[in-house]
Amino acid sequence: MSPLPAYIVGCVVLGYWGCVVVKIFRAARKGKSVARVFVPRQSLEQGLWTLWIPTILCWIALPFVIPNQHTERRFWLAMIDLSAAPLLAELLRWLAAILAVVILSLSIYCWRYMGRSWRLGVDTSQKVLLTEGPFRWSRHPIYSLGLALMVCTVVAVPAPAMFAVAVAHFTLIHLKVRVEERFLLALHGDLYENYRRRTGRFVPRFRMVQRLEPARDP
């Protein structure tokens, strides 16, 4: 298998988290310390973050490391044998690489839309509830794109270690979202509850039900 799709996705992942680091320092320049922006305030989020950091580092490194593994001794770092359908496998890997670039572009758009409202974790001083723009389609558009980027990474770098990182990332995202939504529900009450009912967590909800007027007797 060609290593290029893996390298492309690796560069995209590196760029994705590089943008996050830039946003952290930009937020720090606007009057907040890097530690305040980078380290979550809540103890549960802090625990999740200690697990998330090594997960992210592995996510960044593996697309560059795994394609260079040519020995069966390192099972976790060896790409899965897809020789049964080599053309389809390569097509999917290249499509994943292209999609990863699109996802990065959409993530940058979401970050720009959030502006100063962007946070790494729950910020009790943040009172704004975003429901328009990308938040009209998903309650957590950036997390949705991050999960999609992880799927692209797994497709481009099909190795046991990458699958393990994906499982860890999906689990941590799910737990983090639950923490954030509990905070938002407590802060905004019915306003957030109504938003939650009409907007999907990660995937848009398309309501196809038409409202029919009751029939009238002649």
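A: Helices and strands are here DSSP runs, numbered from the N terminus, where a helix needs at least four residues and a strand at least two. The model is a predicted one, and along its sequence the protein chain reads α-α-α-α-α-α-α, with 7 helices and 0 strands.

Q: Why is Thr55 called buried?

A: A residue counts as buried when its relative accessible area is under 20%. Thr55 has a relative accessible area of 10%, and therefore it is called buried. Thr55 belongs to helix α3, which covers residues 43–65.

Q: Which residues does Thr55 touch, leaving aside those up to four places away in sequence?

A: Contact requires heavy atoms within 4.5 Å, and Thr55 touches Val165, Ala168, His169 and Leu172 once residues up to four places away in sequence are set aside.

Q: What is the span of helix α5 from its first C-alpha to its last, and what is expected?

A: The expected span is 1.5 Å times one less than the number of residues. Helix α5, made of the 16 residues 141–156, reaches 22 Å from first C-alpha to last, which is close to the expected 22 Å.

Q: What makes α5 count as mostly covered?

A: In α5, 13 of the 16 residues are buried, whereas in the protein chain, with its 218 residues, buried residues make up 42%.

How values were computed
Residues numbered from 1 in each chain as written. Predicted model: local features only at pLDDT ≥ 70, side-chain atom pairs only at ≥ 80, totals over all residues. Heavy atoms only, no water. Buried < 20%, exposed > 50% of the residue type's maximum accessible area, 1.4 Å probe, protein only.
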